[in-house]
Amino acid sequence: MTSPTDNLRIKGERLWDSLMEMAKVGPGLRGGNNRQTLTDADAEGRALFRRWCEAAGMTVAVDRMGTMFATRPGTDPDALPVYIGSHLDTQPTGGKFDGVLGVLAGLEVVRSLNDLGIRTRHPVVVTNWTNEEGARFAPAMLASGVFAGVHTLDWAYGRKDSEGKSFGDELARIGWVGEEEVGARKMHAYFEYHIEQGPILEAEDRQIGVVTHCQGLWWLEFTLTGKEAHTGSTPMALRVNAGLAMARIIEMVQRVAMDSQPDAVGGVGQVAFSPNSRNVLPGKVVFTVDIRSPDLAKLDGMRARIEAEAAEIAAALGVGCTVEAVGHFDPVTFDPTLVGRVRAAAERLGYSHRNIVSGAGHDACWTAKVAPSTMIMCPCVDGLSHNEDETITPDWAAAGADVLFHAVIETAEIVA
């Protein structure tokens, strides 16, 4: 059975133009973006997004975490909104598409509804979540975590960056503290469109990833305390070397992840030595272990083993060791009805697709705690992300946005 809407498409060229225009805000050093959360560049990107939303006839509201909600009204004042969301903030050396694609594809859905004169019973809300990346303020998905009741507002405001600046102060500094209570909104459904950030879709020549689950995650911040000493004149046997302890722990994390195959990953992406001098053994090393798995028992087992073995490694070297969990979410199963609508939309539109588990965390992981949620993915070249060389094609971007458009209008219910 076909519908008059089955052949409708978004305007792919307009979506791509918007992506390229947003990429001019907070440019990176070699073609990507550095638009970290609560920076001046973030404020500039937010202002551009607000102008575009208002030009599309939407009303923009902001909550106390700085999250932006742009609303296209529905015909039923009592119907809960259908949300489309992601984030505009980037990594320090981020690409032009991670997060941004999902926000601007949501805007394109609304623009296309306007072009086609389609009215929906449910309002449609496009959302820009604050601090999804967690690059500047840990943990990631901070604002959506407060929205879902996982974190308190005061705790989030107190998070500090590497320079000791607090989230709350920086949000106020850039002028994006809203008045709306965080989490007061209710959702009929939530959709998030994102690049895969992995190689599977491109390798299998699939246009659409139908996201069924998201891996769980632990971020474990280790602080190792040794003794600062001269690297040239301190005998090897008398060293209390926090750097050596870190190296052995990193190798151990690799071993634990490999022992936990399949469906498990682990690694270290952030390290800070103190005093970080060429000829001084570090007195202190802080680094973060990132472990993930879609299997909760496996994920928690990896954490327990890593913490136990790290303590043994440090003790053998006379190094102090403490650990703090600075980020966590359990594996997520997305709403089967919404997943089915995404899959059916891809099939109707003739796009090749496959089920996929997200290897990265997303705001949808937290919205799934409070509303039916799901995700759509498109390929990215070589699976590369969190890198200025991150690349997708205009056709990939448009295909996923087409699927998003159809899944959203089915959920928001077209009014004849």
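Partly exposed means a relative accessible area between the buried range, under 20%, and the exposed range, over 50%. These legends accompany close-up views of a predicted model.

**View 1. Domain 1 meets domain 2.** Welcome to the boundary between the two parts of the protein chain: domain 1 (12-215 + 331-415) and domain 2 (217-328). Their C-alpha centres are 33 Å apart, and the contact draws on 11 residues from domain 1 and 12 residues from domain 2. Together the domains bury about 800 Å², with 59% of this area on carbon and sulfur atoms. On the side of domain 1, Pro-139, Gln-215 and Pro-331 lose the most area to domain 2, and together they make up 56% of what that side buries. There are zero salt bridges between domain 1 and domain 2, and one residue pair is in polar contact across the interface. The residues of domain 1 that touch domain 2 comprise seven nonpolar, three polar and one charged.

View 2. Is Gln-215 buried or exposed? Its relative accessible area is 11%, so Gln-215 counts as buried. The side chain of Gln-215 reaches the backbone oxygen of Gly-359 at 2.9 Å. Leaving out residues up to four places away in sequence, Gln-215 touches Val-265, Arg-292, Ser-293, Pro-294, Phe-329, Pro-331, Val-357, Ser-358 and Gly-359.

View 3. Thr-120 belongs to strand β4 (residues 119-120). With 1% relative accessibility, Thr-120 is buried. A polar atom of the Thr-120 side chain lies 2.7 Å from the backbone oxygen of His-122. Beyond its neighbours within four places in sequence, Thr-120 is in contact with Arg-72, Gly-74, Thr-75, Ala-412, Glu-413, Ile-414 and Val-415. Glu-413 is found in the loop between α12 (394-412) and β17 (414-415), and a relative accessible area of 31% makes Glu-413 partly exposed.

View 4. Most residues other than glycine have a negative phi, and most peptide bonds are trans. Against that background, look at the peptide bond from Gln-261 to Pro-262, which is cis, with omega near 0°. Pro-262 lies in the loop between α8 (242-259) and β10 (265-274). Ser-274 and Pro-275 are likewise joined by a cis peptide bond, with omega about 15°; Pro-275 sits in the loop between β10 and β11 (280-281). Gln-197 is not a glycine, yet its phi is positive, about 65°. You will find Gln-197 in the loop between β6 (189-195) and α7 (200-203).

View 5. Asp-161 lies in the loop between α5 (153-157) and α6 (167-173), and Arg-136 in the loop between β5 (124-128) and α4 (142-147), so the pair links parts that are 25 residues apart in sequence. Both Asp-161 and Arg-136 are buried.

**View 6. Arg-354 and Glu-204.** In this salt bridge the side chains of Arg-354 and Glu-204 meet at 2.8 Å, N to O. Arg-354 is in strand β15 (residues 353-358) and Glu-204 is in the loop between α7 and β7, so the pair ties together parts 150 residues apart in sequence. Arg-354 is partly exposed at 24% relative accessibility, and Glu-204 is partly exposed at 37%.

**View 7. Glu-163 and Lys-165.** The side chains of Glu-163 and Lys-165 form a salt bridge at 3.3 Å, N to O. Lys-165 has 38% relative accessibility and so counts as partly exposed.

Note on methods:
Residues numbered from 1 in each chain as written. Predicted model: local features only at pLDDT ≥ 70, side-chain atom pairs only at ≥ 80, totals over all residues. Heavy atoms only, no water. Domains from an automatic or database assignment. Contact = heavy atoms within 4.5 Å. Buried area = accessible area lost by both parts, 1.4 Å probe. Salt bridge = Lys/Arg side-chain N within 4 Å of Asp/Glu carboxyl O. Polar contact = N/O pair within 3.5 Å; in protein donor to acceptor, adjacent residues only side chain to side chain. Nonpolar A, V, L, I, M, F, W, Y, C, P; charged D, E, K, R; others polar. Buried < 20%, exposed > 50% of the residue type's maximum accessible area, 1.4 Å probe, protein only. Helix = DSSP H or I, 4+ residues; strand = E, 2+ residues; numbered from the N terminus.
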